[in-house]
Amino acid sequence: MDAIMKGFRAQVDVKGKLAELYLYKYLKHLEEMGFITDLVWEDRDGKPDFKFKFQNKAIRMECKNLRNEIFKRPQKAYKVEIQKTRNSKDGTNTRSYRIDYFDILAVCMFNQTGKWRFIFIKSSDLEVVPEHPYLLKIMQRVPTEIEHPWKTDLVDVWK
């Protein structure tokens, strides 16, 4: 535990895994209630964090934590960084997610609220890189007051 407390990267990794654990518990509850089926928690490079079916459609979900800092302009907003951990060895940008890599982004609010709660958004509603519209921007704005297209309940994402 001392090693984790003294290591920034270790703390980030632990918070990321805790966010996945709390999200898994939420998704498991939705599965038990019959809203989703075939839930799988992935833990492999190159795969979204979760897979499940909603109304018989395959869904891929990525889980990210809010950052500690915020956007101050043009209006105050939380930040979520969405990029892969590693770049390719040849120097090409492989850290940015393609817009079709996952269907839903789950953002853990813990770093800003101290609560293991999540908000959800379709990947198609996220900001893209203007010169490469098939890539998602690495830093995404998250409103401090939840508004469309963000949702506090995963089931509402499809409404």
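**Cores, a patch and a hairpin**

Leu21 has its place in helix 2.

Colleague: Is Leu21 buried, partly exposed or exposed?
Modeller: Keep in mind that this is a predicted model. Buried would need under 20% relative accessible area and exposed over 50%. Leu21 comes out at 31%, so the class is partly exposed.

Colleague: Which element gives the most to the nonpolar patch?
Modeller: The patch is on the surface and consists of Leu18, Leu21, Tyr22 and Trp41, with about 290 Å² of accessible area together. Leu21 sits in helix 2. With three residues in the patch, the top giver is helix 2.

Colleague: And which element gives the most to the largest nonpolar core?
Modeller: That core has 21 residues, and among those touching the most other members are Leu23, Phe52 and Met61. Several elements supply at least two residues each, including strand 1 (36-41), strand 3 (57-71) and helix 2 (8-32). The most, four residues, come from helix 2.

Colleague: Which residues does Leu23 touch, leaving out those up to four places away in sequence?
Modeller: Leu23 is one of the core residues that touch the most other members. Leu23's partners are Cys63, Ala106, Met61, Phe50, Phe118 and Phe120.

Colleague: Which residue in strand 8 stands opposite Val129?
Modeller: Strand 7 (residues 128-129) and strand 8 (residues 132-136) run antiparallel, joined by two bridges. A hairpin links them through two residues. Facing Val129 is His132.

Definitions and conventions:
Residues are numbered from 1 along each chain as its sequence is written. This is a predicted model: local features need pLDDT of at least 70, side-chain atom pairs count only at pLDDT 80 or more; totals for chains, interfaces and linings use all residues. Side-chain values use heavy atoms; hydrogens and water are left out. A nonpolar core is a set of buried Ala, Val, Leu, Ile, Met, Phe, Trp, Tyr and Cys residues joined through side-chain atoms within 4.5 Å. Buried means under 20% relative accessible area, exposed over 50%, partly exposed in between (1.4 Å probe, protein chains only). Contact means heavy atoms within 4.5 Å. Patches are made of residues with over 30% relative accessible area and no salt bridge: like charges are joined within 9 Å, nonpolar side chains (Val, Leu, Ile, Met, Phe, Trp, Tyr) within 5 Å. Accessible areas come from the Shrake-Rupley method with a 1.4 Å probe; for residues, only the protein chains shown count as cover. A salt bridge is a side-chain nitrogen of Lys or Arg within 4 Å of a carboxyl oxygen of Asp or Glu. Two strands pair if DSSP finds at least two bridges between them.
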